[in-house]
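Welcome, and thank you for joining this tour.

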Amino acid sequence: MTRIRVLVVDDSALVRRLVTTALGSASDIEVVGMARDGLEAVRMVDELRPDVVTLDIEMPNLDGLGALTRIREKHARLPVIMFSTLTERGATATLDALSRGASDYVTKPSNTGQIADGIAAVRDQLVPRIRALAGLRKLTPGAGGPIVRRERSAPAPKSVTALLIGCSTGGPDALARFLPRLPADLGIPVLVVQHMPPVFTAMLAQRLDKVSPLEVREAVDGDEVRAGRVLLAPGDFHLRVQRRGTGVRAVLDQGPQENFCRPAVDVLFRSALEVYGGSALATVLTGMGQDGLAGARQLAAAGARILVQDEDSSVVWGMPGAVAGAGLADDVLPLEELADRVVGAVRRSRAA
C-alpha cells in the first residue's frame, strides 16, 4: 500500500507529539520528518520530498507565512495545511496563508492539557484533509468520474432571483477571485456558505468586502436579503432564508450538523428552494466532501440552474465533483468563467 508521506512543522514539542500520534492511527499515512521552525521546514521539504506538509504559523527564525512563501517558490503544487489558533490573530494569519497558496488549514486544540481529546481533535481534522489533498483516496462517490451534464426536460426558468454559493477546501481563495467579478448592479442577493469556524468567517467577510463591488458581510439573524448584498454564513451557524411579508430575511440557527458541517450548504439550498424555487441559481465551488449534493438535487428537481467549478481549478473536487458526477450540473466551468456565466444568466433573465 502506498502511504502518504507527511512532514510535520511546529515549534511546540507537545503539538508535534499530538500530530504525529494522531496521524500514526492512520495506516495509510506516515510521518517522515518533524521540523521546529520555518528554516528547518524549507530544508526538509527539499530533502524528504513529502506528499503533504502541516505547517505552524507562529514559529521562531522563520514563521509559517515566510516558510510557505519559500516552499511555494520550488513546490507550487505541494499540499500545505496550516495549523492555526482559533483567534482573530490566528484567523488573519490563516487567511493570509490561504491567499499565498496554502491548501487548507486546521485549528489547534484549545485545551492541549487533555492529551487524548487533543489527539482525537487533530486526527478528525487532519486525516481526511491529508487524504483528500494527497489525492490517494476519493472521499466523494462520483468525484473524479466522467462529467455528465444535466439533461433538461424543460427550459430553465426565465428569471434568476438569487445566487447561492457553497464551498469548503480552497473556498476562501476561490471566493476572493469569484466575487470581484460580480458587478455592483448584479440585481440579486448572494448567499454564501463556506465551511469555516467562528471568527474566521467574520474576517473572511471583511476581506471579501474590500475586493468585491457588492457589499459583503457576515450574516446576522434577521438581516435583509436584498440585491447588492452578499451574506456569508457565520461559523457554527446554519444560514437559512425566510420570506417575511414582502421581503426575505436571513435566519441563523445552531441545529444539528449536516455532512459533519455547521454551517452546511444543504441547509441553505433547502431553505432557498422554499423561498425562490426554481428561480435560484446555485454554484458549487471547490471543497472536500459532498455537502450541497442533496440540496442541489432538490433544486434541480425544481428547475433551478446549477453551475459547478471544474476539477482542474479546484483545490479538492469533492463537493463540485459530487454534483457533476450525479448529472445535476448545467455546466462545469473553470473558476475564471463561472462568474461571467452567472452574470450572463442574470442579465438574460432580466431581458426575457
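Before the first stop, a word on charge: Lys and Arg count as positive and Asp and Glu as negative, while His and the chain ends are not counted. The place of a charge is taken as NZ of Lys, CZ of Arg, CG of Asp or CD of Glu. This is a predicted model, in which local features need pLDDT of at least 70, side-chain atom pairs count only at pLDDT 80 or more, and totals for chains, interfaces and linings use all residues. Residues are numbered from 1 along each chain as its sequence is written, and side-chain values use heavy atoms, with hydrogens and water left out.

**Stop 1: the whole chain**

Select the charged side chains to begin. The chain carries 42 positive and 41 negative ones, and the centres of the two sets are 3 Å apart.

Now go back to the cartoon, where you can follow 11 helices and 14 strands. Both are DSSP runs numbered from the N terminus: helices are H or I with at least four residues, and strands are E with at least two. The radius of gyration is 20 Å, close to the 20 Å that the globule rule gives for 352 residues, so the chain is as compact as a globular protein of that length. That radius is taken over C-alpha atoms, and the rule is 2.2 Å times the number of residues to the power 0.38. Along the principal axes, the C-alpha atoms fill a box of roughly 60 × 40 × 35 Å.

Of the 352 residues, 56% are buried. Buried means under 20% relative accessible area, exposed means over 50%, and partly exposed is in between (1.4 Å probe, protein chains only).

**Stop 2: two domains**

Colour residues 4-136 as domain 1 and 162-351 as domain 2; such bounds come from an automatic or database domain assignment. How far apart are the C-alpha centres of domain 1 and domain 2? They lie 29 Å apart. The contact between them takes 20 residues from domain 1 and 16 residues from domain 2, where contact means heavy atoms within 4.5 Å.

**Stop 3: glutamine 309**

Select glutamine 309, in strand E13 (residues 305-309). Is glutamine 309 buried or exposed? Its relative accessibility is 0%, so glutamine 309 counts as buried. Leaving out residues up to four places away in sequence, glutamine 309 touches several residues, among them Ala174, Trp317, Pro320 and Leu338.

**Stop 4: the loop between E11 and H8**

Move to the loop between strand E11 (247-253) and helix H8 (265-276), where proline 263 sits. Look at the peptide bond from arginine 262 to proline 263: this bond is cis, with omega near 10°. Asparagine 259 lies in the loop between E11 and H8 too. Asparagine 259 is not a glycine, yet its phi is positive, at about 55°. With a relative accessible area of 30%, asparagine 259 is partly exposed.

**Stop 5: asparagine 61**

Next, select asparagine 61 in the loop between strand E3 (52-56) and helix H3 (64-74). Its phi is positive as well, near 70°. Asparagine 61 is exposed, at 65% relative accessible area.

**Stop 6: arginine 244**

Finish at arginine 244 in strand E10 (residues 238-244). This residue is partly exposed, with a relative accessible area of 40%. Beyond residues up to four places away in sequence, arginine 244 touches Gly222, Arg249 and Val251.
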